[in-house]
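Reader: I am new to this structure. Could you walk me through its metal sites and charged pairs?

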Amino acid sequence: MILRVALPVPLRRLFDYLPGDVEPEYGWVPGLRLQVPFGRKQMTGILAGVAESSDLPRTKLKRIGTVLDEAPIISETDMQLLEWAAAYYHYPPGEVICLFLPSLLRQGRAARKSTVPLWMIAEQAAELPEELQRAPKQLRIARLLQEYPEGLSPDILSAHFSNWHTPMKALLEKGLVKQRRVSAGGPIRKEGPPATMELNPEQREAVERIAAEFGKAARFLLDGITGSGKTEVYVELIKSVIEAGKQALVLVPEIGLTPQFIARLRDRLQAHIVIMHSGLTENQRLQGWLEARDGSAAVILGTRSAVWTPMKNAGLIIVDEEHDPSFKQQESFRYSARDVAIKRASLIKIPIVLGSATPSMESLHNALSGKYRRLVLQQRVGKALPPQMATVDLRNRSMHGALSDVLITAIREQLTNRQQVLLFLNRRGFSPVLMCHHCGWTATCPRCAIPMTYHKQRNSILCHHCGSQAPAASVCGECGMAELVQVGYGTERLTEALGEVFPEARILRIDRDSTRRKGALEQMVEEIHAGEADILVGTQMLAKGHHFPDLTLVGIIDADRGLFSADFRASERMAQQIMQVSGRAGRASRPGTVLIQTHYPDHPLLNTLIRQGYHAFADVLLEERKLTGLPPFSFLALLSAEDYDDKTPVTFLNEARAGLRQAGPDLEIMGPVPAPMEKRAGRFRFQLLIQSATRAYLHNVLRDWCPALENLDSARKVRWSLDVDPQDLL
Ligand code: ADP
Ligand code: ZN
Ligand code: ZN
């Protein structure tokens, strides 16, 4: 018997080994972790299958080392999912399978749960006894615990006090504090009864239609405008899932996983929720993973990578804001968490709900062709009305910086009425270009060959693509004249201009720079809720999820960037962003207004979006995609190659192209051409775009072609990657 083992190495194959002397308790079942010799090292791998024979002679095969698990750590269906993903994305199976495991398990750690003690004040210590005055340290600890009735972990206590163990022990002996052990995985169940809410008829119907399919592989597109109560639909569904003793997996985009969203689910669900995102410590990730796997977590909430969380008893998958680009991983293993989730739901035969106010063209197409059932929420909850949208024609208009007179007047009126304003500009920094007025020279990133953004507060220039940084020069790098001018607008500059026009207004800038400090974003959101800010200047960080009742005017500073991009998805992204940001306006009783500044007020797509809404826009765009044969009416793969030398990628891509021509005569192949961003972090970048009328044909060809590609000599000289269903052609 031969064991076929998946190892985390960049090769599109499994590795054959001979079994050890001792057979594991449940036999050689796929999903077991094994320690195997590989080269000179020992590596942890996963048993992927057994075979009768190997292509290698028996004498060449090595014997495995230790078997790390008694029973498979990865379930049979999860193994199926991983094998599917490796095949679909044509990515090395060992890397896909090992990525599934938290890194501590990859390193061979036992799959055992751990707990941490939580210290809390005892009930009888509501009034602290007089005598505690004589033990000042005990007193200070007790006072801190009084402020945090839900308890504090040793980490936090250590951050406040050195040597707190002895006084804590004294408090424990006096019965003033108590200790509880909780899961190390993260937030635990909230005490007290959950808040409840009566659904409106549209919401109720959506819930009923989805719940009717529990236990079956059904796919739903929950297509509901912003503020229509999609989250409440999720909550009701999750409640039923939990009542049936099952688990729910909820995927949200990166900017969607805010403390507000987590708090909202915790308020509404009487359940153990595990949160999975990239900011966890390795141990937190392992604990959450184990609790999901053994079924003790009822809800798994997370960003992209949470789609791989094992579940003992899955009942439902929800993908919120399914159109969001952050569901697609843009490096190494380029998977789409939404698409993996769809596959996963169908493998385990449970319903999946894709929710969005601005569904992707792919999902709309699937709904129109009957693959997904579409549920529509057309009304905003309560008295709130959808905002009124209008364009502001910037041609020949008088401007103060990036602000048109029309927008200034509208803002002034808001301020008089004590209402809040949100200005959306998805570009941080002061100005995207720093140019010499004398000779036209611009400050350019030496590694990416594109302009660097000027950041006034730090007085430096920054490359937003590779992170390169330099002090902002005061003279031209070419002619030496001190005539540098800032061209274009970022959030810093917009904030400055607003300060000049509205010196009385309280202006809050919310972008990656201003929220870098931990807790800064939460604090700003609180200020907004408390009415301590009049004008908010924000990037996409503010576009999603927030609910500010006093916000009734949204200004989109620059809608033109999405209209003329090399990427065919740019107009879809632009429309989604405009609708999301607009969705922040008028969420309470007063109606909202959205003003969109543009130099192209007659642009047909922009016009359709503004006058007739997202769905009319999507119809036009789908028709365009159909005529031009672009996704979802065709299927793409993008082969990219980069190197410090500008010739090797072209050589590689030409060889790749030749092989591909032979393997798939019916494919359309475009390139090699330079990538839209030709140079990044010092490497020259080229690409080959592969297009097919059917998915099956594309994958049949890629399956045979990828291993051959890996073996090309020219492949070893470059960094290359294959992106199936690429979302971003840059
Ligand atoms: P969406 O996710 O579609 O943007 P939300 O679920 O966030 O919408 O709902 C918008 C607001 O309306 C939230 O403050 C939510 O608590 C409230 N809400 C949702 N459904 C109801 C309901 N049936 N009754 C009362 N308020 C509701
Ligand atoms: Zn110059
Ligand atoms: Zn750069």
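Author: One term comes up throughout: a residue is exposed when its relative accessible area is over 50%, buried when it is under 20%, and partly exposed in between. Keep in mind that this is a predicted model.

Reader: Is Glu123 buried or exposed?
Author: The cut-off for exposed is over 50%. Glu123 has a relative accessibility of 60%. Glu123 therefore counts as exposed.

Reader: Which residue forms a salt bridge with Glu123?
Author: Side chains of opposite charge can pair when their charged atoms come close. For Glu123, the closest N and O atoms of the pair are 2.8 Å apart. Glu123 sits in the loop between β5 and α4, and its partner lies in strand β6, 55 residues apart. That partner is Lys178.

Reader: How many residues apart are Arg209 and Glu205?
Author: Arg209 and Glu205 form a salt bridge, with closest N and O atoms 3.9 Å apart. Both belong to helix α7, where about one helical turn separates them. Their spacing is four residues.

Reader: How many residues apart are Asp602 and Arg395?
Author: Asp602 and Arg395 also form a salt bridge. Asp602 is in the loop between β26 and α17, while Arg395 is in the loop between β14 and β15. The pair links distant parts of the chain, at a separation of 207 residues.

Reader: How many salt bridges does the structure hold?
Author: To count, a side-chain nitrogen of Lys or Arg must be within 4 Å of a carboxyl oxygen of Asp or Glu. The total for the structure is 37.

Reader: What is the arrangement of the site of the zinc ion (ligand 2)?
Author: The protein donors are the SG atoms of Cys436, Cys439, Cys476 and Cys479, 2.2 to 2.4 Å from the ion. The angles among these four donor atoms are 106 to 115°. Four donors qualify if all angles lie between 85 and 135 degrees. The site is therefore tetrahedral.

Reader: Is Cys436 buried or exposed?
Author: Cys436 lies in strand β18. Its relative accessible area is 1%. The limit is under 20%, so Cys436 is buried.

Reader: What spacing do the donors of the zinc ion (ligand 3) follow along the chain?
Author: The donors are Cys445, Cys448, Cys463 and Cys466, each through SG, lying 2.3 Å from the ion. Cys448 and Cys466 tie together parts that are 18 residues apart in sequence. The spacing is C-x2-C-x14-C-x2-C.

Terms used
Residues are numbered from 1 along each chain as its sequence is written. Chains are lettered from A and ligands numbered from 1 in the order in which they are written. This is a predicted model: local features need pLDDT of at least 70, side-chain atom pairs count only at pLDDT 80 or more; totals for chains, interfaces and linings use all residues. Side-chain values use heavy atoms; hydrogens and water are left out. Donors are N, O and S atoms within 2.8 Å of the metal (3.2 Å for Na, K and Ca); water is not among the atoms, so sites may look incomplete. Four donors count as tetrahedral if all angles lie between 85 and 135 degrees; four count as square planar and six as octahedral if opposite donors are over 155 degrees apart and all others between 65 and 115; anything else is irregular. Helices (H or I, at least four residues) and strands (E, at least two) are DSSP runs, numbered from the N terminus. Buried means under 20% relative accessible area, exposed over 50%, partly exposed in between (1.4 Å probe, protein chains only).
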